[in-house]
Amino acid sequence: MALLLTGVGLAGCGLKSGSPMVDDVQPGPRGAGQPLKGASLTVTSKNFSENIILGEMIGLIFKAAGAEVLDRTNLPGSISARESIVKGDADAMYEYTGTAWITYLGHEKPIENGQKQWEAVRDADRAHGVTWLPQSTLNNTYSLGINQANNKKYKLKTLSDVAALAKKDPSAVTICVENEFASRDDGLPGMQKAYGMKLPAANIKKMDAGIVYTQVSKGACLLGEVFTTDGRIKSLHLDTLADDKHFFPIYDAAPVVHSATFKKYPAIAKLLDPLSKRLNTKVAQELNGRVDVDGQDPHAVAKEWLIKEGFIKNG
């Protein structure tokens, strides 16, 4: 997903800002004690709801483990957050394997196997002073969505099903996409090539990304570009179609830590590994929906979920 969120340099990233995390929290039943007593750590994130929630989770777990935590989440764009980890201006965040492999490390083709892609990113990023902890199965990648009412008629399950429908009935396949996805080789043009589709230009409607979901839910387009962890998928009753030819990169979320920080506090792995094991795409949809659909605060959403799951408890 974060391929589209890379355009801001460090000059505007606001790393001098931030606020201390003041929550009175302790390790919960699934916690690992307080191995970070005396530590002073900074957490960061990109500036979209899911990544902010994940950054707040790291900060709250660090706080419960005894650290003083500075909250510098919500930086503008992927590059700002990335550079803050590389340079040590921030200590930890959740990053996406596909973003690192393609955007930061410069590869054109994704690795289809999620574990192998994580291993490749982990190994390559050591040279940049970044330590990758094991990934979650929270995969924030691209898909096409269709409203469930329309899908009762078409019964689409995969992108290959869409290609077959486009050949059988070209007029039926209309698609809503945002402008960048419509022109990128790793977006709609590449997807059409991979699946043998040839959609007429008139069948492709370009618009702001936030409008795509509502337009598809209303049936203005049969299909729309969506992100698999977006909370609006559930709230707007959309089905997502499987990328059965594995065209889109895998964007598994994993904690990344400034390597010098990890060397000093290796217990960070014991704190964050259980969290990553619990996170998945369904959980992300639910939590993102609380922020993007219900209007809740990302910090409050993260804290409530961590308490419910037993990672932390109120002090």
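**Before selecting anything**

Residues are numbered from 1 along each chain as its sequence is written, and side-chain values use heavy atoms, with hydrogens and water left out. Because the model is predicted, local features need pLDDT of at least 70 and side-chain atom pairs count only at pLDDT 80 or more, while totals for chains, interfaces and linings use all residues.

Colour the chain by pLDDT, the predictor's confidence in each residue, from 0 to 100. The chain averages 93, and 95% of the residues score at least 70. Then select residues 2-16, where the pLDDT is below 50, although this stretch has 41 contacts in the model beyond near neighbours in sequence; a contact means heavy atoms within 4.5 Å. Where pLDDT is low, the predicted coordinates should not be read in detail.

**The nonpolar cores**

Next, select L36, M57, F62, L223 and L275, which have the most contacts inside the largest nonpolar core, a set of 80 residues. A nonpolar core is a set of buried Ala, Val, Leu, Ile, Met, Phe, Trp, Tyr and Cys residues joined through side-chain atoms within 4.5 Å, and buried means under 20% relative accessible area, exposed over 50% and partly exposed in between, with a 1.4 Å probe and protein chains only. The largest share of this core, 8 residues, comes from helix α1. Helices (H or I, at least four residues) and strands (E, at least two) are DSSP runs, numbered from the N terminus.

Centre on L275 and show its surroundings: leaving out residues up to four places away in sequence, L275 touches M57, I61, Y94, W305, L306 and F311.

Now move to L60 in helix α1, which counts as buried at 0% relative accessibility. L60 touches M21, D23, V25, H299, A302, K303, L306 and I312, not counting residues up to four places away in sequence. Of these, D23 is 37 residues from L60 in sequence, yet the C-alpha to C-alpha distance is 7.7 Å.

**The cavities**

How many cavities of 30 Å³ or more are there? The count comes to 3. A cavity is a set of points, on a 1 Å grid over the protein atoms alone, where a 1.4 Å probe fits but cannot get out, and lining residues have an atom within 4 Å of a point. Grid points are joined across faces, edges and corners, and a volume is the space filled by probe spheres set on the points.

For the largest cavity, of about 80 Å³, select P27, R30, G31, A32, G33, I61, A64, A65, K270, L271, P274 and F311, which line it. The elements giving two or more residues to this lining are α1 (49-64) and α12 (268-278), and α12 gives the most, with 3 residues. The lining divides into 8 nonpolar, 2 polar and 2 charged residues, where Ala, Val, Leu, Ile, Met, Phe, Trp, Tyr, Cys and Pro count as nonpolar, Asp, Glu, Lys and Arg as charged, and the others, Gly among them, as polar.

The second largest cavity has a volume of about 40 Å³, and its lining consists of E50, I53, L54, M57, L138, L279, A284, L287 and N288. Here α1 and α13 (281-292) each supply at least two residues, with α1 giving the most, 4 residues.

Stay in α13 and select R290, which is buried, with a relative accessible area of 15%. Leaving aside neighbours within four places in sequence, R290 is in contact with G295, Q296, V301, E304 and K308.

Select helix α2 (residues 78-87), whose buried residues are S78, S80, A81, R82, S84 and I85. Their cover includes β3 (40-44), β5 (92-96) and α4 (114-125). After α2 comes G88, with a positive phi near 85°.

In helix α8 (residues 188-195), the buried residues are L188, G190, M191, Q192 and Y195, covered by elements including β7 (142-147) and α6 (159-168). Just after α8, G196 takes a positive phi of about 70°.

Most residues other than glycine have a negative phi. N74, in the loop between β4 (68-72) and α2, has a positive phi of about 75° although it is not a glycine, and at 44% relative accessibility N74 counts as partly exposed. K155, in the loop between α5 (148-154) and α6, has a positive phi near 55°, and K155 counts as exposed at 60% relative accessibility.

Definitions and conventions. 1 Å grid on protein atoms, 1.4 Å probe; cavity = no way out; pocket = protein on both sides within 12 Å on 5 of 7 lines; lining within 4 Å.
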